[in-house]
Amino acid sequence: MAALGSWALWSFCSRGWSRAVSGCRLPGLRSSSPRGPLGARLLSQEKQATETHFGFETVSEEEKGGKVYQVFESVAKKYDVMNDMMSLGIHRVWKDLLLWKMRPFPGTQLLDVAGGTGDIAFRFLNYVQAQHQRKQKKQLRAQQNLSWEEIARKYQNEEDSLGGSRVMVCDINKEMLKIGKQKAHAQGYKAGLAWILGDAEELPFDDDKFDVYTIAFGIRNVTHIDQALQEAHRVLKPGGRFLCLEFSQVNNPLVSRLYDVYSFQVIPVLGELIAGDWKSYQYLVESIRQFPSQEEFKEMIEDAGFQKVTYENLTSGIVAIHSGFKL
Ligand SMILES: C[S@@+](CC[C@H](N)C(=O)[O-])C[C@H]1O[C@@H](n2cnc3c(N)ncnc32)[C@H](O)[C@@H]1O
């Protein structure tokens, strides 16, 4: 029985690898060089125009959104535990690094798209609160004639403790938002935080509204990445910043080999053992392999109108932080 299990696992992984290396298409992008006679070519172009991928599976664009929804609906309850297990806690460091890169200023209006269970939003609130408290302490030292009651009142005013900064978590999935709200309640986050149900491809916000737009491990799940990038550009104020944390391509051959083994052999097994859901975690690792390279994604960000676009590889290129400005 165990041998059968190992064989099934091995056969899946071999399949995974061979598909991973054989020409992946970019999500939301269409092939422009079909072969064959004109009729067949047109037909095939038309077909490809509505096809995309869901992990290594080819699906219609209409189907993809529903399938992605099911994945996150299914993993929502175990999402945070699984993140810690799969990344051995390293996802926390990647998210901290995103905040350090952002360096929000007092009053920053942040939109966190595909924000799921709120990890980026909570880090943002902690950051701006700590920053604001430092500033207040400095001011209080300068006004030494304030009474203890006045000092205590200043610290107790929750809204004031954020210096006017706010974060909106926007996600397409109700279950992920529900878990996020429960976490916020349990951890005492109230002020400066809102949860919005919405699609990255069609954001329910006016133009020029936010100082910073973040999307962490979310954009690879979106059917039309180009459309999501245009929306990011639209809702940012002039001078606003786009920041994306996403898995990327590993260039070191040894790290790449180990990473493949870990992704295809360990993660779906952990998914099955902890969340009882092999398939969703299989999709998650496959979707990572289908995501464009750092350079290709940089071009897509530039095509959406962002300027000064850069990326920074973290952990041997397993993950990258992409950044750009709306100028
Ligand atoms: C891997 S989770 C990332 C959650 C969170 N940002 C984090 O880093 O922990 C991906 C999230 O993207 C959301 N998502 C997928 N497609 C989306 C879309 N079109 N618009 C908004 N959110 C989407 C999913 O519902 C899910 O919550």
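1. In this note, a residue is called buried when its relative accessible area is under 20%. The structure discussed here is a predicted model, and that should be kept in mind throughout. With that cut-off, Glu51, Thr52, His53 and Phe54 of strand 1 (residues 51-54) are all buried; Glu51 and His53 point one way from the strand, while Thr52 and Phe54 point the other way. In a regular strand the side chains alternate between the two faces of the sheet.

2. Strand 1 is joined by 4 bridges to strand 2 (residues 57-60), and the two run antiparallel. Within this pairing, threonine 58 of strand 2 is the bridge partner of histidine 53, one of the buried residues named above. The two strands form a hairpin with 2 residues between them, and in the turn glycine 55 has a positive phi of about 60 degrees.

3. Positive phi values also deserve a check in residues other than glycine. Arginine 103, in the loop between helix 5 (90-102) and strand 3 (109-113), has a phi near 45 degrees, and its relative accessibility is 61%, so it counts as exposed. Threonine 315, in the loop between strand 8 (307-314) and strand 9 (319-325), has a phi near 50 degrees, and at 38% relative accessibility this threonine counts as partly exposed.

Definitions and conventions
Residues are numbered from 1 along each chain as its sequence is written. This is a predicted model: local features need pLDDT of at least 70, side-chain atom pairs count only at pLDDT 80 or more; totals for chains, interfaces and linings use all residues. Side-chain values use heavy atoms; hydrogens and water are left out. Buried means under 20% relative accessible area, exposed over 50%, partly exposed in between (1.4 Å probe, protein chains only). Two strands pair if DSSP finds at least two bridges between them.
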